[in-house]
Amino acid sequence: MLEQLQQHLNKNFAFLEGKQLLLAISGGIDSMVLLELFRNLPYSIAVAHCNFGLRDAESDGDEDFVKQWCAKHSIRFFTTRFATQDYADTQKCSIQLAARELRYNWFSGLLENEGFDYLLTAHHLDDTLETFLINLTRGTGLEGLTGIPAQNGTIIRPLLPFGRNEIEAYATANSIVWREDSSNTSDKYLRNRIRHQIVPILKELNPNFLNGFQNTLGHLQQTETLVQDAVTELYSKIVTKKEEQLHIAIEKLKLIPNYKAYLYQWLKPYGFTAWDDIYNLINAQSGKQLFSENYRLLKDRDYLLLEKQHTHQTETVQITENQEVTLEQVRLTVYSVTNVTEDRGGKVIFVDKDKLKLPLILRKWKEGDYFYPSGMTGRKKISKYFKDEKFSLIDKENCWLLCSGDEIVWVVGKRSDRRFEIEQETNNIIKIELQLL
């Protein structure tokens, strides 16, 4: 197994050579085999152990066991204790999820603060099988059937090609000592029930089941790669990014025979789960919207618009000369200048101070608003301006108006009002500048 592991590392993880590696060691058979293997390989290693305090003296015994092993073999040792049950109660999550969050947050801090390059865990092929079956029972997309990733950022799982039987055989052959976790014998948790009741039946039906499963995983992973290639290619043709929004062109999307699958792939990273409602949004009336925890998806004429949820500010804000205000994702500055040296369009305008009523008022638009757009004759309602400029509903929500009394000076960042433009005889010039944060 040692030679097989070295070949696996040389082929797939050659970049680990010369790196500082932190091994997550619980004291159980899997992690102790991982530790013994790497102790006999030419890598620089240290050990991190988590005491979750869930099994009283047994948890303390695990910690002491790993600590003594590291001392005997002169390997750097890090340990911490968690109030796991308290954390789970506070966060209103399961013990398993609490333990996962606590340990990976701690591991991340060790990597950053102690100069380690990668964290290695002892997940193996049977763990991948159990995860596959758990996801299968809960319902999942293709990504839930492709197994535990061999690498996830700085986390490396070098034992994934090996099954539990191989690990146990190596431990026996090399007289490796480990600690048994009593919770592993309980069928209280779904993973344990699958491990004890389902996996043995599958292996009994086919003694080479793990080899077949590993081949299946390889095919699924290749298929996922093909899917991602197609998803990426069509994304560039159908989805455009405008500032902080994603615009999904509905008519182009509907030309794809299985467009729902692509929509699922594009939107799942944003936390959406009500997929039938999202698919129905395609044919819904403009203005209908759906929400995930941090994002909203809005139907607006020919597009689905995706943006991060903001707390939209609706009150008015006063701003006077030589002052700066910051609202949502914009900063507006008003100050006096002696001459015009920059382009008047875009994010900067210059106006005649003597035509203004200070302080200026910054507010959102309302029905009946109108202005006299620069470069045009006559006046135009703001609603008509929005329509002509093809503002989405989100664009309208995000738009600010800078006003002098009841008169609009600037549709901020878009179009100024010609009534306040500077002229040849203007003596007092105000520069108004917009910054997007």
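This is a predicted model: local features need pLDDT of at least 70, side-chain atom pairs count only at pLDDT 80 or more; totals for chains, interfaces and linings use all residues.
Q: With which residue does Asp417 form a salt bridge?
A: The closest N and O atoms of the pair are 2.7 Å apart. A salt bridge needs such atoms within 4 Å. The partner of Asp417 is Arg419.

Q: Is Asp369 buried or exposed?
A: Asp369 forms a salt bridge with Lys366, at 3.8 Å between the closest N and O atoms. Lys366 is partly exposed, at 46% relative accessible area. Buried means under 20%. At 8%, Asp369 is buried.

Q: How many residues of strand E8 are buried?
A: On one side, Gln245, His247 and Ala249 are buried. On the other, Leu246 and Ile248 are buried. E8 is therefore largely enclosed by the rest of the structure. The count is five of the five.

Q: What is the bridge partner of Ala249 in E11?
A: E8 and strand E11 (residues 303–308) pair in the antiparallel sense over four bridges. The partner of Ala249 is Tyr303.

Q: Which residue takes a positive phi in the hairpin of E7 and E8?
A: Strand E7 and E8 pair in the antiparallel sense. Lys242 has Gln245 as its bridge partner in E8. Two residues lie between the strands. The one with a phi near 55° is Glu243.

Key: Residues are numbered from 1 along each chain as its sequence is written. Side-chain values use heavy atoms; hydrogens and water are left out. Buried means under 20% relative accessible area, exposed over 50%, partly exposed in between (1.4 Å probe, protein chains only). Two strands pair if DSSP finds at least two bridges between them. A salt bridge is a side-chain nitrogen of Lys or Arg within 4 Å of a carboxyl oxygen of Asp or Glu.
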